[in-house]
Amino acid sequence: MECRHGMTVNEVTPSARGCEECLKIGSEWLHLRLCRACGHVGCCDQSPHRHATAHFHATRHPIIEGYDPPEGWGWCYVDEVVVDLPDQTPQLGPIPRYY
Ligand SMILES: [Zn+2]
Ligand SMILES: [Zn+2]
Ligand SMILES: [Zn+2]
């Protein structure tokens with residue numbers, strides 16, 4: 001399937017240095033995902049709270065970027081395909097790791 005959500009990809013400023021919600025509740029995450037529509041930083045589906053997927057369900061923002069190594073790849077939640085991003089969002093500085 002082809003992804004037609006390229007217009008939702010913006011240049012964004014990451015909302016936090018780690019998963020926004022996990023940092024608030026003191027939880028842990030495995031990997032980080034950056035929303036390329038609004039800059040929300042959330043955690044991956046292997047993390048206990050899956051905040052990136054929750055953000056997609058709440059906002060329907062379709063495209064995320066891998067935000068820790070190997071970073072820079074894109075994924076569309078709607079089409080469930082890997083997407084080529086036009087650029088890679090620079091990280092906001094040292095990202096705390098909890099695993
Ligand atoms: Zn798509
Ligand atoms: Zn989280
Ligand atoms: Zn978003």
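Q: How many disulfides does the structure hold?

A: A disulfide is a covalent bond between the sulfur atoms of two cysteines. The cut-off here is a pair of cysteine sulfur atoms within 2.5 Å. The structure holds zero disulfides. This is a predicted model, in which local features need pLDDT of at least 70 and side-chain atom pairs count only at pLDDT 80 or more, while totals for chains, interfaces and linings use all residues. Residues are numbered from 1 along each chain as its sequence is written, chains are lettered from A and ligands numbered from 1 in the order in which they are written, and side-chain values use heavy atoms, with hydrogens and water left out.

Q: Which residues coordinate the zinc ion (ligand 2)?

A: Look for donors, which are N, O and S atoms within 2.8 Å of the metal (3.2 Å for Na, K and Ca); water is not among the atoms, so sites may look incomplete. Here Cys-19 (SG), Cys-22 (SG), Cys-43 (SG) and His-51 (ND1) coordinate the zinc ion (ligand 2) at 2.0 to 2.3 Å. Their spacing in sequence is C-x2-C-x20-C-x7-H. Cys-19 lies in the segment before H1 and His-51 in helix H2, so this pair ties together parts that are 32 residues apart in sequence. Helices (H or I, at least four residues) and strands (E, at least two) are DSSP runs, numbered from the N terminus. Both Cys-19 and His-51 are buried.

Q: What arrangement do the four donor atoms around the zinc ion (ligand 2) have?

A: Four donors count as tetrahedral if all angles lie between 85 and 135 degrees. The angles around the zinc ion (ligand 2) are 101 to 116 degrees, so the arrangement is tetrahedral.

Q: How many salt bridges does the structure hold?

A: Side chains of opposite charge can pair when their charged atoms come close. A salt bridge is counted when a side-chain nitrogen of Lys or Arg is within 4 Å of a carboxyl oxygen of Asp or Glu. The structure holds three salt bridges. One of them joins Lys-24 and Glu-20 (4.0 Å, N to O). These two residues lie in helix H1 (residues 20-25), four residues apart, about one turn of the helix.

Q: Which residues form a salt bridge network?

A: Glu-65 and Arg-36 meet in a salt bridge (2.7 Å, N to O). Glu-65 is in strand S3 (residues 63-66) and Arg-36 in the loop between S1 and strand S2 (41-43), 29 residues apart. Asp-87 also forms a salt bridge with Arg-36, with the closest N and O atoms 2.7 Å apart. Through shared partners, Arg-36, Glu-65 and Asp-87 are joined into one network.

Methods. Tetrahedral: all angles 85-135°; square planar, octahedral: opposite > 155°, others 65-115°. Buried < 20%, exposed > 50% of the residue type's maximum accessible area, 1.4 Å probe, protein only.
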